[in-house]
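Read each task, have a go yourself, and then follow the worked solution step by step.

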Amino acid sequence: MAEEKGFDRRLLRRIIGYLLPYKHWVILAFALVMIAAFLGPLRPKLVQLAIDDYIVPNQLDGMGVIIMFLICAAALESLLGFVNAYFTQWIGQNAIYDVRVRVFRHIQRQSLSFFDRTPIGRLITRTTSDVESLSDVLSAGIVLIMGDLFRLIFITAFMFSLDWMLAIVTLAVMPLMLWVTFWFKRNVRTQYRQVRKQVARLNSFLQEHVTGMSIVQIFGREGEEMERFTRINDLHRAAHLKTVFFHAIFWPAVDILASSAIGLVLWAGGIRALAGGLTVGVLIAFVQYARQFFEPIRNLSDQFNTLQGAMAGAERIFDVLDNDYALSEPEGPIPSRHLSGHIVFRNVWFSYDDKPNWVLRDVSFEIHPGQTVAIVGATGSGKTTIISLIMRFYDIQKGQILLDGRDIRTYKLGYLRWRIGLVLQDVYLFSGSVERNISLGHPGVTSEQVRNAAKMIGADEFIERLPGGYQHDVHERGQSLSHGQRQLLSFVRVLVYDPDLLMLDEATSSVDTETEYTIQRALGTLLRNRTSLIIAHRLSTIQHADMILVLHKGILRERGKHSELLAQDGLYRTLYALQYKEQEERAAA
């Protein structure tokens, strides 16, 4: 798992790799930050020259030049700081944009089996907060780390050039500083992993329960779910507080060591200055250098803190990117030709799990072009699975599926799903207008085509009555529309794309009688000259199908027309009799 990985250079190189498209700009940023890193340590040296060469000997004629250099150095350092702050953020935000696009594109490519085993909240965390954790590192982190390292080098060089003995005194606290830093690094690294883990758990819980809030309220589970949320939130808070604990120890320790270094400089330098072995200017410069020396160390520790968060987030991002569950498909452009709709299942075996928990068992059948075929059976018999396999949401384990004489795996997924229309029982609508939910933003679908398709289906009447008509905002998941209205929109959505094959997964099982009548009329338009596969709960709606397939526990038990199956006095007749009896009882009631 990602949480068990150590801090390694390979991971850091992968993070930095996202800056490669902007390498020329990064090099320019490095150059600017190194100039700024030199200007900071230059100022104490200029102060030392002013004191020892002009103030102490009372030679003030050249003071103006020194003051001018000091002002210019401070002004240029401030200007470079402003330029670098904006410049590095521009680089970083572009890199973050690339990371987020890559993660989302990778998620879009995955098969449905990936989403079956991965909580949606966890994926949201990967594309939002985990990616955002890389922001500071990719924007300013790497450049500032290099700038602080060079600032330390310049400060050390200036100190040794002034007085090597005082330089050693200043650096005497470094062993303790390194020990404290490594202690902080080791502990905060582990804790940041826990924080990212708890953030993902929290997001998963919120996404799942906000989506299913109606169920929580219907069964009165608010109190119990609140307790679960409180426990997860407590773990999230505790993980954050542990990181605060390590920071609360680390920062005072750095301040104490920095103050100790300044005290040692004043003590050792003061004794030598009183003895005449050290000038006042050098002592004052060393006090400034001792203060400056620990500023980049503090900054590096802060950047290391940021890097820890980025590494923890990066592990989780790369864990998604390195596990590819996308279905294989051939290379090349999507063809423009249409499908005739000849479907053949040959001894197909399929399981959703890695274990042989077979959902379909040795299923074989043939659908000829233009035929309307219905699939019936009890819940869990494998009806929806057959449609999912034709849409190639999953790949089979054994057997073969042929489409127009070719193995279905030889088609590009984009082409396959472009030429096959699917209408589900549970219709998903996005936030936005009715028109956009029908066209899905496809540039080749015009407003006129949307309106013509709606008229053919019979959905234009209710659409025109909506506030704003086709521009009416349906809100998230289309909750402002009835189930029947959403179902009609799904039919319009399929028709406007003009597919060669049509798949209906119990598309009329949850609508009222009037809407079902409208849909049945629309089906006459949709099914014309198309191969169609219909999963039906109401057997009365499929009596005119060219062939009916009867599934039972993943096995194809019967096939034939409605009248033929009734004459066989088998499973289909039993299902029909039970449903007819239910209808009679409801009518009597």
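## Exercise 1: A threonine in a helix

The side chain of threonine 170 comes within reach of a backbone oxygen, that of leucine 166, at 2.8 Å. Keep in mind that this is a predicted model.

**Task.** Find the helix that holds threonine 170, decide whether threonine 170 is buried or exposed, and list what threonine 170 touches.

**Solution.** 
- Step 1: Threonine 170 belongs to helix α7, which covers residues 164–170.
- Step 2: The relative accessible area of threonine 170 is 0%. The cut-off for buried is under 20%, so threonine 170 is buried.
- Step 3: Not counting residues up to four places away in sequence, threonine 170 touches Met159, Ala261, Val265, Phe286, Ala290 and Phe294.
- Step 4: For a sense of scale, look at leucine 549: from threonine 170 it is 379 residues away in sequence and 86 Å away in space, C-alpha to C-alpha.

## Exercise 2: Two aspartates

**Task.** Work out where aspartate 130 lies and where aspartate 500 lies, then describe the polar contacts of the side chain of aspartate 130 and of aspartate 500.

**Solution.** 
- Step 1: Aspartate 130 is part of helix α5 (residues 120–132), while aspartate 500 is in the loop between α17 (483–496) and β7 (501–505).
- Step 2: Use the cut-off of under 20% for buried. Aspartate 130 has a relative accessible area of 0%, so it is buried. Aspartate 500 has 10%, so aspartate 500 is buried too.
- Step 3: The side chain of aspartate 130 makes a polar contact with the side chain of arginine 126, at 3.1 Å.
- Step 4: For aspartate 500, the side chain makes a polar contact with the side chain of histidine 338 at 2.9 Å, and another with the side chain of arginine 419 at 2.7 Å.
- Step 5: Now widen the view. Residues up to four places away in sequence aside, aspartate 130 touches Thr125, Arg196, Gly313, Arg316 and Ile317. Leaving out its neighbours within four places, aspartate 500 is in contact with His338, Leu339, Arg419, Arg530 and Thr531.

## Exercise 3: How helices pack

**Task.** For α2 with α3, α8 with α10, and α3 with α5, say how the two helices run and cross.

**Solution.** 
- Step 1: Start with helix α2 (residues 23–55) and helix α3 (residues 63–109), which pack at about 160° with axes 9 Å apart. An angle over 145 degrees counts as roughly antiparallel, so α2 is roughly antiparallel to α3. Their crossing is left-handed. In this contact there are 26 nonpolar, 3 polar and 2 charged residues.
- Step 2: Go on to helix α8 (residues 174–211) and helix α10 (residues 222–274). Their axes come within 9 Å and cross at roughly 160°. Therefore α8 and α10 are also roughly antiparallel to each other. The crossing is left-handed, and the contact has 22 nonpolar, 11 polar and 4 charged residues.
- Step 3: Finish with α3 and α5, packed at about 165° with axes 10 Å apart. This pair is therefore roughly antiparallel, and α3 passes α5 in a right-handed crossing. From α3 come Ile96, Val99, Arg100, Val103 and Ile107, and from α5 come Leu123, Thr127, Thr128, Val131 and Glu132. By class, the residues of this contact divide into 6 nonpolar, 2 polar and 2 charged.

## Exercise 4: Positive phi

**Solution.** 
- Step 1: Recall the background: most residues other than glycine have a negative phi.
- Step 2: Phi of asparagine 347 is near 50°, a positive value. For leucine 440, phi is near 55°, again positive.
- Step 3: Asparagine 347 is in strand β1 (residues 343–350), whereas leucine 440 is in the loop between α14 (434–439) and α15 (447–457).

How values were computed:
Residues numbered from 1 in each chain as written. Predicted model: local features only at pLDDT ≥ 70, side-chain atom pairs only at ≥ 80, totals over all residues. Heavy atoms only, no water. Helix = DSSP H or I, 4+ residues; strand = E, 2+ residues; numbered from the N terminus. Buried < 20%, exposed > 50% of the residue type's maximum accessible area, 1.4 Å probe, protein only. Contact = heavy atoms within 4.5 Å. Polar contact = N/O pair within 3.5 Å; in protein donor to acceptor, adjacent residues only side chain to side chain. Axes fitted to C-alpha atoms, helices over the stretch in contact; angles between N-to-C directions. Parallel < 35°, antiparallel > 145°, perpendicular 65-115°, else oblique. Left-handed = near helix turned anticlockwise from the far one by under 90°. Nonpolar A, V, L, I, M, F, W, Y, C, P; charged D, E, K, R; others polar.
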